Amino acid sequence: MLKCLECDAEIKPPFDSIEGEIITCSDCGASYELLQSGDKFDIKPAQDVGEDWGE
Ligand SMILES: [Zn+2]
């Protein structure tokens with residue numbers, strides 16, 4: 001189970017989620033990027049710096 005780093009709310013990624021997908025906490029609106037971690041997902045805070053972010 002994933003928990004929002006901001007407000008500790010539970011975050012449930014869709015079953016068809018893919019790594020790199022951005023999910024949003026429904027409680028506080030914080031955005032996270034999904035990271036595949038074995039057979040489950042981790043999250044890291046998404047960088048909100050515009051469309052050119054990334055490599
Ligand atoms: Zn939250």
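Visitor: Among contacts between residues at least 6 apart in sequence, what share joins residues at least 24 apart?

Guide: In this predicted model, 17% of those contacts join residues at least 24 apart.

Visitor: How many helices and strands are there?

Guide: The protein has zero helices and five strands. From the N terminus on, the order of elements is β-β-β-β-β.

Visitor: Which strands make up the open sheet, and in what order?

Guide: The open sheet has three strands in the order S3-S4-S5, with antiparallel pairing. Strand S3 (22-24) and S5 are the edge strands, each pairing on one side only.

Visitor: And how much are neighbouring strands turned against each other?

Guide: By 45 degrees on average, with direction ignored.

Visitor: How many bridges join S4 to S5?

Guide: Six bridges join strand S4 (residues 31-37) to strand S5 (residues 40-45), and the two run antiparallel. Ser-37 stands opposite Lys-40 in S5.

Visitor: How many residues sit between the strands in that hairpin?

Guide: The hairpin of S4 and S5 has two residues between the strands. Gly-38 takes a positive phi there, near 65 degrees.

Visitor: What about S3 and S4, how many bridges there?

Guide: Three bridges join S3 to S4, again an antiparallel pair. Thr-24 stands opposite Ser-31 in S4.

Visitor: Which residue other than glycine has a positive phi?

Guide: Asp-8 has one, with phi near 70 degrees. Asp-8 is placed in the loop between strand S1 (2-3) and S2.

Visitor: Is Asp-8 buried or exposed?

Guide: Asp-8 counts as exposed, because it has 10 C-beta neighbours inside 10 Å and the cut-off for exposed is 12 or fewer.

Visitor: Switching to burial. What percentage of the protein's residues count as buried?

Guide: Of the 55 residues, 11% count as buried.

Visitor: Which residues form the largest nonpolar core?

Guide: That core has five residues, namely Ile-23, Tyr-32, Leu-34, Phe-41 and Ile-43. S4 and S5 are the elements that give two or more residues to this core. As background, nonpolar side chains tend to be buried together in soluble globular proteins.

Visitor: What does Ile-43 touch, leaving out residues up to four places away in sequence?

Guide: Ile-43 touches Leu-2, Ile-11, Tyr-32, Glu-33, Leu-34 and Leu-35.

Visitor: How far is Ile-43 from Glu-21 in space?

Guide: The two are 9.7 Å apart, C-alpha to C-alpha, with 22 residues of separation in sequence. Glu-21 lies in the loop between S2 and S3.

Visitor: Why is Glu-21 classed as partly exposed?

Guide: Glu-21 is partly exposed because 15 other C-beta atoms lie within 10 Å. Being buried would take 20 or more, and being exposed 12 or fewer.

Visitor: Where is Glu-19 placed?

Guide: Glu-19 is in the loop between strand S2 (10-11) and S3. Glu-19 is exposed, because it has 11 other C-beta atoms within 10 Å.

Visitor: Which residues does Glu-19 touch, with those up to four places away in sequence not counted?

Guide: Glu-19 touches Leu-34, Leu-35 and Gln-36.

Visitor: And how far apart are Glu-19 and Asp-42?

Guide: Glu-19 and Asp-42 are 23 residues apart in sequence and 9.2 Å apart in space, taken C-alpha to C-alpha.

Key
Residues are numbered from 1 along each chain as its sequence is written. This is a predicted model: local features need pLDDT of at least 70, side-chain atom pairs count only at pLDDT 80 or more; totals for chains, interfaces and linings use all residues. Two strands pair if DSSP finds at least two bridges between them. Helices (H or I, at least four residues) and strands (E, at least two) are DSSP runs, numbered from the N terminus. A nonpolar core is a set of buried Ala, Val, Leu, Ile, Met, Phe, Trp, Tyr and Cys residues joined through C-beta atoms within 7 Å. Two residues are in contact if their C-beta atoms, placed from the backbone, lie within 7 Å. Axes are lines fitted to C-alpha atoms, for helices over the stretch in contact, and angles run from 0 to 180 degrees between N-to-C directions.
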